[in-house]
Amino acid sequence: MSQPKALLRRDGFTFKQFFVAHDRCAMKVGTDGILLGAWAPVAGVKRILDIGSGSGLLALMLAQRTEQHVTIDAVELDIQAANQASENATESPWAERVQVQCADILAWAPEQTARYDLIVSNPPYYEPGVDCGTPERDQARYTGSLAHPALLTAAANLISEEGFFCVVLPENTGNTFIKTALDIGWFLRLRTDIADTEGKLPHRVLIALSPKEGECFSDRMVIRGPEQRYSEDYTALTQPFYLFM
C-alpha cells in the first residue's frame, strides 16, 4: 500500500491505530502478515500467541481486533527483532496487553502450562538454499530454523481444546503443511486461497487448524479487481488497518 510521503516514516509502516518500526527486523511488514492478522478468527479468544513475531505486526493487529481483557504473547528468536517488537508494543495503544519474549519457540513451548485460544505464525517457508546475505534474514526465511513439523508440534502442545492455529504460506507449501498437520492430528477448519487477480492461480493460502474436528470452510479471495483497484473483499478485510483505504 502506498502512503503519501509526508506521512511515511522510512523505518516502518503507519497503520490507522499504530506504527510498526521494522528497520531492525530481517522481514519487513508485508501483505502476507497483514492478511493473516486481519483474517485470523478472534471470536471468544482470551489468550493469543504469535510465534516468530518479527516486528510484532501480528500481535498488534490482533490487539486492535480484540477486547481489553485479551492478552497476547509474542515470541521471537532474533534479539534485534524482539527488541524492536517490544518497542513497537510499548508505543502502541495496547502496551499493557502485549508481552514480547526473545526465545526459541521449541525451547519455550515445553515450559508453558497455560493454553492459547489462538496461535498465529507467519513462518519461514523456504528450504535452506541460497544465502540471503545475513544470518537474521536466513533465519526468518528458511525452514532450517523452524521446520514445519516442529512448529506444528509446538503449537499442538500450546493450543486450547477449541483453539485455532493460523498460518499464511505460499499455496504449494500450504498444501504440504496441511498434509503434515493432518498426519500429526490437527483438523483443517478454515482455508482461504489468495490470488492477485481473478484470472490468476492462488499464490498464498491462509490456514486455520484446530485440535477439534469440525466442518471445514474454504473460500477464495482476490487482492485486486477490475482496473487493478483493490477488490471489495480485500478492502473489507484490511480497511480497519490501512491508513489510506
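1. A definition to begin with: a salt bridge here is a side-chain nitrogen of Lys or Arg within 4 Å of a carboxyl oxygen of Asp or Glu. Please keep in mind that this is a predicted model. By that criterion, Arg 204 and Asp 32 form a salt bridge through their side chains, with an N to O distance of 2.7 Å. Arg 204 belongs to strand S9 and Asp 32 to helix H1, so this pair ties together parts that are 172 residues apart in sequence. A search of the whole structure gives 9 salt bridges.

2. Now to the sheet. Its 8 strands make an open sheet with mixed pairing, and the order is S5-S4-S3-S6-S7-S9-S8-S10. The edges are taken by strand S5 (98-102) and strand S10 (217-222); each has a single partner strand, so one side of each has no neighbour in the sheet. From one strand to the next, the twist averages 15°.

3. For a closer look at one pairing, take strand S6 (residues 116-121) and strand S7 (residues 159-170), which run in the parallel sense and share 5 bridges. Within this pairing, Val 120 has Cys 166 of S7 as its bridge partner. Helix H1 (residues 31-39) packs on the sheet, where it touches S6, S7, strand S8 (187-195), S9 and S10. The direction of H1 makes about 40° with that of S9.

4. Next, the helix pairs. Two packed helices are described by the angle between their axes and the distance between the axes. For H1 and helix H2 (residues 57-65), the axes come within 9 Å and cross at roughly 30°. Angles under 35 degrees count as roughly parallel, and H1 and H2 are therefore roughly parallel to each other. The crossing of H1 with H2 is right-handed. On the H1 side the contact involves Gly 33, Ile 34, Leu 36, Gly 37, Ala 38 and Trp 39, while H2 brings Leu 57, Leu 58, Met 61, Leu 62 and Arg 65. Sorted by class, this contact has 8 nonpolar, 2 polar and 1 charged residues.

5. How do helix H6 (residues 148-158) and helix H7 (residues 171-184) cross, and at roughly what angle? Their axes come within 10 Å and cross at roughly 50°, which makes H6 oblique to H7. This crossing is right-handed. H6 contributes His 148, Pro 149, Leu 151, Leu 152 and Thr 153 to the contact, and H7 contributes Thr 173, Phe 177, Thr 180, Ala 181 and Ile 184. The contact of H6 with H7 counts 6 nonpolar and 4 polar residues, with no charged ones.

Terms used
Residues numbered from 1 in each chain as written. Predicted model: local features only at pLDDT ≥ 70, side-chain atom pairs only at ≥ 80, totals over all residues. Heavy atoms only, no water. Pairing = 2+ DSSP bridges. Helix = DSSP H or I, 4+ residues; strand = E, 2+ residues; numbered from the N terminus. Axes fitted to C-alpha atoms, helices over the stretch in contact; angles between N-to-C directions. Contact = heavy atoms within 4.5 Å. Parallel < 35°, antiparallel > 145°, perpendicular 65-115°, else oblique. Left-handed = near helix turned anticlockwise from the far one by under 90°. Nonpolar A, V, L, I, M, F, W, Y, C, P; charged D, E, K, R; others polar.
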